[in-house]
Amino acid sequence: MALLVCLILVIAFFSVAAENFFSVRNISNVLGQASLPLIAGTGCAIVFISGEVDISIGALLATIALPLIVVMNDTQSLALGVSAALMFGLAIGVVNGWLTAYAGINSLIVTLGMMFVMRGGVYLYTGQRAISDDAALDSFIALSDGRLFGVIPYAAVIAIILLSLFAYMMRHRPFGRQVYAVGGNPEVARLAGYDVRRVKFLCMIISSLLATVAGIILAARVGSAQHTAGLNFEFQVVAATVLGGVSLAGGIGNLGGMALGVLILQFLSNGLRGLGLPTEWQLVITGMIIIAAVAFDEAKRRRATGG
């Protein structure tokens, strides 16, 4: 409830302070901008709830654009390009998941290393030059420019559908309950008969696949595979996830809160731009919000444990 009130206050303030903020066109643009962190944040939140982290998602956005664009250019097929991107994202998720869940390596170290490997690989492959989408398929371009009823971006529709499906899974399906149990106390979850390693493994795969979907939409938006795509994206997603009440310690939070965190930051950023505030100050304010959110999360955890 507090997050919803915060979102309403942000929208109300900038509706008065910034010209054209509360217009259909601007709201539609914000929803389109929010689609990528909403999709990737869904996977990020699930990983956090399981007690792990994934900071490789930003580099993955840049990396999956390579098989996507290259295959589409060679075959003129969106289905084959998307399939190649999803297979690559799946492979990254399997590697991250296996190293974390079965090899026992800290997920922060695993995904940090994977982030550098993928980012460096993209730089080497592209020579720091964009690979353009020569196929220019209408169906691919529609992922960026298309709008439902001429108002809601298709990217936002995809984000809402994926968010709803995984929110239902986390709340009502056995796997969701297992994720919360494993994140809350892995040893108790193991004694209850849950396969802790399998749950963590699958969570890492989900995160990578959802980041891949976000990367496909981003590639459609920029019309190319770019080595700079997704820079600092992981921090935006983590900030929104923590702001949304998902605990870094695991076992606490929900996808609805994450979504509100994303929307708060997106509307805040849009409103600050509308006021003409320099990008540097937008970064400062976002950083302060991250610190405040983490501090609040830690204080809440300590109260809950009596520490």
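Ala, Val, Leu, Ile, Met, Phe, Trp, Tyr, Cys and Pro count here as nonpolar, Asp, Glu, Lys and Arg as charged, and the others, Gly among them, as polar. The structure is a predicted model, in which local features need pLDDT of at least 70 and side-chain atom pairs count only at pLDDT 80 or more, while totals for chains, interfaces and linings use all residues. Residues are numbered from 1 along each chain as its sequence is written, and side-chain values use heavy atoms, with hydrogens and water left out.

On a 1 Å grid over the protein atoms alone, a cavity is a set of points where a 1.4 Å probe fits but cannot get out; a pocket is an open set with protein on both sides within 12 Å along at least five of seven lines; and lining residues have an atom within 4 Å of a point. Grid points are joined across faces, edges and corners, and a volume is the space filled by probe spheres set on the points.

By this rule there is one cavity of 30 Å³ or more. The largest cavity has a volume of about 40 Å³. Its lining consists of Leu61, Ala65, Gly215, Leu218, Ala219, Val222, Ser224, Ala225, Gln226 and Ala229. By class, seven of these residues are nonpolar, three are polar and none is charged. Helices (H or I, at least four residues) and strands (E, at least two) are DSSP runs, numbered from the N terminus. H11 gives the largest share of the cavity lining, four residues, and both H11 and strand S4 (224-225) supply at least two.

The largest pocket holds about 740 Å³ of space. Of its 27 lining residues, Asn232, Gln236, Gln266, Ser269 and Leu283 lie nearest the centre. Two or more lining residues come from each of helix H2 (24-49), helix H11 (196-222), helix H12 (233-243), helix H13 (255-274) and helix H14 (279-305). The pocket lining has 15 nonpolar, 10 polar and two charged residues.

Next comes the packing. A nonpolar core is a set of buried Ala, Val, Leu, Ile, Met, Phe, Trp, Tyr and Cys residues joined through side-chain atoms within 4.5 Å. Buried means under 20% relative accessible area, exposed over 50%, and partly exposed in between (1.4 Å probe, protein chains only). The largest nonpolar core has 86 residues, and Leu38, Ile46, Phe140, Phe166 and Phe267 touch the most other members. H11 gives the most to this core, with 13 residues. Contact means heavy atoms within 4.5 Å. Leaving out residues up to four places away in sequence, Leu38 touches Ala159, Leu163, Met258, Ala259 and Val262.

Some single residues remain. Gly51 sits in the loop between H2 and helix H3 (57-63). Gly51 counts as partly exposed because its relative accessibility is 32%. Although Gly51 and Gly250 are 199 residues apart in sequence, their C-alpha atoms are 4.0 Å apart in space. Lys200, in helix H11, is buried because its relative accessible area is 11%. Not counting residues up to four places away in sequence, Lys200 touches Ser50, Gly51, Glu52, Ala101 and Val182.

Ser247 lies in the loop between H12 and H13 and is buried, since its relative accessible area is 1%. A polar atom of the Ser247 side chain lies 3.0 Å from the backbone nitrogen of Ala249. Leu124, in helix H6 (residues 107-126), is exposed, with a relative accessible area of 75%.

Note on methods:
A polar contact is a pair of N or O atoms within 3.5 Å; within protein, one must be able to donate a hydrogen and the other to accept it, and residues adjacent in sequence count only if both atoms are side-chain atoms.
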